[in-house]
Structure formats: C-alpha cells, structure tokens
Amino acid sequence: MSIKTISKSALCAIYKYSGVMGLQEFLARARGRTFASVLLFHRVTDATPEDGLTVGTERFRRICGMLRRSFRVVPLAEVVRVARAGHVIPARTLAITFDDCYRDNLDAARTLADHGLPATFFIPTAFVGTDHVFDWDLGLPRMRNLSWDETRAMARMGFDIGSHTVTHADLGNVGIEQARHELTESKRVLEEQLQRPIRYFAYPYGERWNLRPEIVPLIREAGYEACFSAISGVVQGGQADFVLPREAVPYFPSVLNLELHLTGCLAWMYALKRRRAASRQRSSVSRSALLPHSVAHS
Ligand SMILES: [Zn+2]
C-alpha cells in the first residue's frame with residue numbers, strides 16, 4: 001500500500017470519527033438537502049486487476065457490508081418513487097445497479113443476497129448465453145456472459161432485471177428505427193424469458209452524447225418508467241426528470257473513502273479541485289498567449 005493511499009485512508013478516518021462528517025450530514029438534513037444515489041457496477045471479479053469497470057470480490061464483499069451497515073439500500077423502484085413524489089428523501093438512500101451481463105454478476109448477486117441488498121441488473125439481450133466479447137475487453141482474460149438460466153436464477157432470487165438495449169447500441173449514433181427496435185425488442189425478449197414486466201432502461205455508454213434527445217420519447221413509448229444514464233449525480237426529491245443519473249463506483253483506496261464520497265460530504269473538496277484545475281488551465285492559456293506564435297503552437 002502506498003504512502004498516498006495510507007494518508008488518504010487516515011484522513012477519511014479522521015473526517016468520519018472526529019464528527020465532521022456527522023455534522024455535515026446533520027446540517028444537510030436540517031436544510032432538507034438529502035438525496036438518493038444510484039450506484040453503477042459492471043463486473044465483480046479477480047480475473048482482471050481493479051479498474052473503472054472492475055471491483056475485486058473481497059472489496060465487493062466489504063462494500064456490501066458497508067452499504068448494509070451505513071446506507072438505506074432500496075430497490076430502484078423506490079428511488080424513482082421518492083424522486084417523483086417530491087417528498088424529502090430519507091438520508092443515505094441508495095440503489096444498486098449493474099450493467100452488461102457479465103457472468104460474474106451471478107456471484108455478485110449471491111453476495112448481495114447474503115447481505116440482504118436489492119439490485120437491478122441491466123442486460124443487453126443479444127449477448128446473453130453467447131461468447132460475445134465487448135471491444136473494451138479484447139486482450140483481457142475471457143469473461144463469460146450470463147446465460148438465460150442464470151439470468152432467470154437471479155430474477156428468482158428477487159433481483160430486478162432491466163434493459164440495456166439488444167446490442168449495446170450507442171443511442172447517440174443510431175437512426176430512430178434502430179433505436180426503437182433496440183428499446184422494444186430488448187423489453188419483449190426480457191419479458192418473454194423472465195415472465196415479468198421490465199420497467200427500467202439504462203442506455204449504453206451512459207454519457208450525455210450517447211442519447212439523442214429525440215430518442216427519449218421513444219423510451220417512454222416503449223413502456224419504460226424511467227431511464228438511467230452513467231452521468232455522475234444524485235437524485236433529489238421532486239426530481240421529475242425521466243433520465244436519472246447514476247454514480248459509477250469509482251476506484252477508491254478504501255471502503256471508508258467510498259462511504260464518505262456517497263454521503264456527499266466530499267462535494268466541497270471536489271468543487272475546490274475543479275476550481276484549482278480550471279484556474280491552472282486559465283493561467284496556462286494566458287501564458288501561452290504571451291509566447292511568440294511559432295512557439296505557442298509547436
Ligand atoms: Zn453497458
């Protein structure tokens with residue numbers, strides 16, 4: 001473990017156990033500034049090193065323990081309900097989601113079940129039961145996809161299943177007809193395979209530019225009750241948006257660091273970092289403006 005990691009973890013512990021975090025949360029609650037978070041995981045495996053898409057199995061178990069102890073983990077439907085009801089959201093409300101149908105999601109589901117935690121798994125239907133490899137996984141150890149039997153087993157365990165299109169299509173870059181097919185066919189196949197209504201949709205790649213605005217009404221028309229992005233943010237009471245943000249589980253050196261992040265207590269630090277980065281950028285632009293043209297553009 002590096003010195004930087006140890007000092008970050010120590011700072012988080014001081015922040016929590018000195019009472020600063022508790023005070024910040026108390027003030028937020030007093031002002032009615034509570035929110036819900038929707039966490040986004042992809043794979044839980046030890047087959048590849050941890051990264052933006054991968055959480056190791058032991059860390060996942062520790063994350064589940066922390067979430068059970070410290071958060072009010074609810075089904076995704078409850079987040080949508082409280083967001084639209086306009087009530088003050090109970091503090092530390094959180095839902096868990098997974099994208100992309102990796103086979104290791106079945107083991108993750110068992111770990112979630114051991115901890116009594118609900119979750120929603122968003123599935124691109126064309127890849128279930130196939131040996132399809134995502135472009136970003138080429139060169140990594142082979143990771144299997146869920147089969148339909150495994151997906152049904154997860155549904156029987158009480159987990160919610162949502163659509164992630166048919167072919168993991170980029171809805172910022174397809175025609176209207178293909179978008180309509182991706183939305184309706186994935187819902188039809190999931191409902192046929194699982195014999196239950198599919199209520200939620202998460203669009204692939206999840207950034208702002210991966211969902212053209214004219215496609216949003218098609219998601220409603222297809223019968224989905226809400227759509228989820230991978231744009232970082234929180235859900236607030238009274239938020240009537242059809243497209244809701246999710247928080248991709250970032251790589252943190254410690255589970256305590258993740259807890260602090262999810263409480264929103266570190267928001268001031270992120271804002272400070274962004275301001276500093278912006279001012280560094282501005283000063284480097286103004287310095288380059290002072291350089292002779294040929295040097296500035298070399
Ligand atoms: Zn995806």
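**Exercise 1.** Find which residues Val38 is in contact with, leaving aside its neighbours within four places in sequence.

*Solution.* Start with the rule: two residues are in contact if their C-beta atoms, placed from the backbone, lie within 7 Å. Now go through the list for Val38: Leu76, Val79, Ala95, Thr97, Phe228, Val235, Leu244, Arg246 and Glu247. A word on the model you're using: it is predicted, so local features need pLDDT of at least 70, side-chain atom pairs count only at pLDDT 80 or more, and totals for chains, interfaces and linings use all residues. Residues are numbered from 1 along each chain as its sequence is written.

**Exercise 2.** Work out how helix H1 and helix H9 cross.

*Solution.* First, locate them: H1 covers residues 3-17 and H9 residues 255-263. (Helices are DSSP runs of H or I, at least four residues, numbered from the N terminus.) Next, the geometry: their axes come within 9 Å and cross at roughly 50°. Axes are lines fitted to C-alpha atoms over the stretch in contact, with angles from 0 to 180 degrees between N-to-C directions. H1 and H9 are therefore oblique to each other, as angles under 35 degrees count as roughly parallel, over 145 as roughly antiparallel, 65 to 115 as roughly perpendicular and the rest as oblique.

**Exercise 3.** Which residues of H1 and H9 meet?

*Solution.* On the H1 side, pick out Lys8, Ser9, Cys12, Ala13, Tyr15 and Lys16. Their partners in H9 are Leu256, Asn257 and Leu260. Sort the residues of this contact by class and you get 5 nonpolar, 2 polar and 2 charged. (Ala, Val, Leu, Ile, Met, Phe, Trp, Tyr, Cys and Pro count as nonpolar, Asp, Glu, Lys and Arg as charged, and the others, Gly among them, as polar.)

**Exercise 4.** Find the residues that make the contact between H3 and H5.

*Solution.* Take H3, residues 57-70, and H5, residues 104-114, which pack at an angle of about 35° with their axes 10 Å apart. Phe60, Arg61 and Cys64 of H3 and Ala108, Thr111 and Leu112 of H5 make the contact.

How values were computed:
Helix = DSSP H or I, 4+ residues; strand = E, 2+ residues; numbered from the N terminus.
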